[in-house]
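Here is a short report on one protein model. Keep the structure open while reading.

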Amino acid sequence: MTIQMDAREQGFEGGRATILWLTGWSMPTAAFDRIRQWLPEYRHTYADYTQAGTAEEIIQLAETAAGSLRTSRHIEAAKSGSDERLLIAGWSLGSLLALRLASRGQADVLVLFGATARFVRPREERHLGWPDAYLKQMLAGLRKDRCEAEVKFRQLAFGDSCDNASFSPAASWTTSALAAGLEVLRHEDYLAVLPQIGCPVLLFHGTEDKVCPLAAAEELHRHLPRAKLVTLPGGGHAPFAGREIYIAEEIRSWWR
């Protein structure tokens, strides 16, 4: 597991806060760099599951990262008397991991991008997610031609923005990690526990998201007790792309 800490540790109104970033399937953590740039008052970390061999290992890496950070924050808070909080930001696959962590009391706040509580849906709920057969096809495609499988996904997810360097295929992801990520998407389901997630949740979702449809975010908004949904007209599966300054300010004002 890798946890990277931004060197900037400026004071923050109401106490300092740390953001743990959980990226989406096959995505580099660099996809969040511009948002982090506009949030210098937070300390930034990320969990690295690009080398994971199984779905269980991806989940364990996220849980270990969050647990380690909460322990360190509690120690600092005890020493300084400040209000130390852990904000978990998840995108797509990362949003499922973030919901899992929140359901286990490991998050003070969630910020979710292109999120869903359950990725795989029956065909009659295609407006909420993907049939499992599509994920199985992606798994088969990985084994046959990894590059082609990644390119097809990016074309669907990002359209004309797929050439953005922030979303370029991440060589650091092993093929086994990509397969493990698909297994997380296939099997994780947090619909039943949404009403028990009591921490504040800020949802950003593009109206044109073809991977996690807007209806999935609306479902989250209905069932999470303390959620705010920000819809981004014309936005795709990376709703923050090109809107980093706006989103950073939304996070900042909402937090305060």
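Ala 107 lies in the loop between α3 and β4. Helices (H or I, at least four residues) and strands (E, at least two) are DSSP runs, numbered from the N terminus. Ala 107 is buried, with a relative accessible area of 10%. Buried means under 20% relative accessible area, exposed over 50%, and partly exposed in between, with a 1.4 Å probe and protein chains only. Leaving aside neighbours within four places in sequence, Ala 107 is in contact with Arg 70, Leu 86, Ile 88, Leu 101, Ala 102 and Cys 199. Contact means heavy atoms within 4.5 Å. Arg 70 is 37 residues from Ala 107 in sequence, yet the two are 8.3 Å apart in space, C-alpha to C-alpha.

This is a predicted model, in which local features need pLDDT of at least 70, side-chain atom pairs count only at pLDDT 80 or more, and totals for chains, interfaces and linings use all residues. Residues are numbered from 1 along each chain as its sequence is written, and side-chain values use heavy atoms, with hydrogens and water left out.

**Overall layout**

The protein has eight helices and six strands. From the N terminus on, the elements run β-α-β-α-β-α-β-α-α-α-β-α-β-α. Of the 256 residues, 53% are buried. Among contacts between residues at least 6 apart in sequence, 75% join residues at least 24 apart.

**The sheet**

Six strands form an open sheet in the order β2-β1-β3-β4-β5-β6, with parallel pairing. β2 (43–46) and β6 stand at the edges with a single partner strand each, so one side of each is left without a neighbour in the sheet. Neighbouring strands are turned by 20° against each other on average, direction ignored. Axes are lines fitted to C-alpha atoms, for helices over the stretch in contact, and angles run from 0 to 180 degrees between N-to-C directions.

What does β1 pair with? β1 and β3 pair in the parallel sense over six bridges. β1 and β2 also pair in the parallel sense, over four bridges. Two strands pair if DSSP finds at least two bridges between them. In β3, Leu 87 stands opposite Ile 19, and Gly 90 stands opposite Leu 22. In β2, Thr 45 is the bridge partner of Leu 20.

Six of the six residues of β1 are buried, so β1 is largely enclosed by the rest of the structure. In a regular strand the side chains alternate between the two faces of the sheet. Both faces of β1 are covered. Ala 17, Ile 19 and Trp 21 are buried on one side, and Thr 18, Leu 20 and Leu 22 on the other.

**Helices on the sheet**

Helix α3 (residues 93–103) lies across β1, β3 and β4, running at about 145° to β3. Ten of its eleven residues are buried, so α3 is largely enclosed by the rest of the structure. Among them are Leu 93, Leu 96, Leu 97 and Arg 100. Just after α3, Gly 105 takes a positive phi of about 75°.

Helix α8 (residues 244–255) has twelve residues and reaches 16 Å from its first C-alpha to its last, close to the 16 Å expected at 1.5 Å a residue. The expected span is 1.5 Å times one less than the number of residues. Its buried residues are Glu 244, Ile 247, Ala 248, Glu 250, Ile 251, Arg 252 and Trp 255. They pack against β1 (17–22), α1 (33–37), β3 (85–91), β4 (109–113), β5 (201–206) and β6 (227–232).

Ser 26 and Ser 92 each have a positive phi although neither is a glycine.

**The largest pocket**

About 290 Å³ of space lies in the largest pocket. On a 1 Å grid over the protein atoms alone, a pocket is an open set of points where a 1.4 Å probe fits, with protein on both sides within 12 Å along at least five of seven lines. Lining residues have an atom within 4 Å of a point. Grid points are joined across faces, edges and corners, and the volume is the space filled by probe spheres set on the points. The lining includes Trp 130, Tyr 134, Lys 144, Asp 145, Glu 148 and Phe 153. The elements that give two or more residues to this lining are α4 (132–144) and α5 (146–158).
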